Amino acid sequence: MADKVKIGTMWLGGCSGCHLSIADFHESLIDIMDLADFEFSPVLMDTKYDEVPELDVIIVEGGIRNDENRELAEMLNEKAKLVIAYGTCSCYGGIPGLGNLFTVEELEQEAYINSVSTVNPEGIIPNEDVPALESRVRPLDAVMDVDLMIPGCPPRSDVVAEAVLTLLRNETIELPVTNLCEV
Ligand code: SF4
C-alpha cells in the first residue's frame, strides 16, 4: 500500500468558520483518511504551533492580520509541499480585510476604548503578549507560495471534501463556478 499523504490544517487571520466547514466533511472524512493522515490541526487534534511536522498538504484558513499570522505562514512555507488557501479570508483578505479601511491606531481605539461593549476605564491598549497588527490585512499568497485557492465564506463542505479527495487521487480539481459558499 502506498504511503498515506501527510495533511494538516492551520488557522491564521480568520474566524474559524472555515474549520467548522472541515468538521462538516462527515463521511467524506473516512474516504479522505483512507488516503491521508491528519498530522497537524488546531481543530482536529491537540497540537502545538512549534511542533508542526513536515507535511505534504496544508490547508490554511485566514489571511495575514498580525505578526503571528505572518510568522506561522512563513514557517508553513518551509514545512509543506502543497498549500491550499482555504476560504475567502485566505484567498483575498475577506471580512478582516475591511480593517484596511482604517489605520491600526483607529482599529485599536475602537476595539479597546470606544466600543459600547468595552469596559476599560484606564484606557489600556495591550501591546505585550498580544500579536501586533500589521498595517494592512494581506491574503496568504502575499507571504507564502499558494498552489490552490478555494474561496467561499466558508467554502461548502462537500465542495472542499471533493476537492481534497480529487487532489489525493492525483486527479484534476474542477471547482464549481458559482455557489462556493456554505450559506
Ligand atoms: Fe470565517 Fe468566512 Fe473568513 Fe472562513 S472565509 S475564516 S468563514 S470569515
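**View 1. Strands β1 and β3 side by side.** β1 and strand β3 (residues 55-61) pair in the parallel sense, with five bridges between them. One spot to look for is W11, whose bridge partner in β3 is E61. Two strands count as paired if DSSP finds at least two bridges between them. Strands here are DSSP runs of E with at least two residues, helices are runs of H or I with at least four, and both are numbered from the N terminus. What you are looking at is a predicted model, where local features need pLDDT of at least 70, side-chain atom pairs count only at pLDDT 80 or more, and totals for chains, interfaces and linings use all residues. Residues are numbered from 1 along each chain as its sequence is written.

**View 2. Strands β1 and β2.** β1 also runs parallel to strand β2 (residues 36-40), and four bridges join the two. Here I7 has F38 of β2 as its bridge partner. How much of β1 is covered? Strand β1 (residues 5-11) has five of its seven residues buried. Buried means that 20 or more other C-beta atoms, placed from the backbone, lie within 10 Å of the residue's own.

**View 3. Around the ligand.** The ligand is surrounded by 13 residues, and the closest are G14, G17, G87, C89 and C153. To make that list, a residue's C-beta atom, placed from the backbone, has to lie within 6 Å of the molecule. Two helices, α1 (17-23) and α4 (88-92), each supply at least two residues of this shell. By type, the shell divides into six nonpolar residues, six polar and one charged. The predictor gives the complex an ipTM of 0.99 and a pTM of 0.90.

**View 4. Stepping back to the whole chain.** The protein has six helices and seven strands, in the order β-α-α-β-β-β-α-β-α-α-β-β-α from the N terminus on. Its C-alpha atoms fill a box of roughly 60 × 35 × 25 Å along the principal axes. Of the 183 residues, 32% count as buried. Take the contacts between residues at least 6 apart in sequence: 81% of them join residues at least 24 apart. A contact means C-beta atoms, placed from the backbone, within 7 Å of each other.

View 5. The average pLDDT of the protein is 91, and 96% of the residues score at least 70. That score is the predictor's confidence in each residue, on a scale from 0 to 100.

Methods. Nonpolar A, V, L, I, M, F, W, Y, C, P; charged D, E, K, R; others polar. Buried ≥ 20, exposed ≤ 12 C-beta atoms within 10 Å, placed from the backbone. Contact = placed C-beta atoms within 7 Å.
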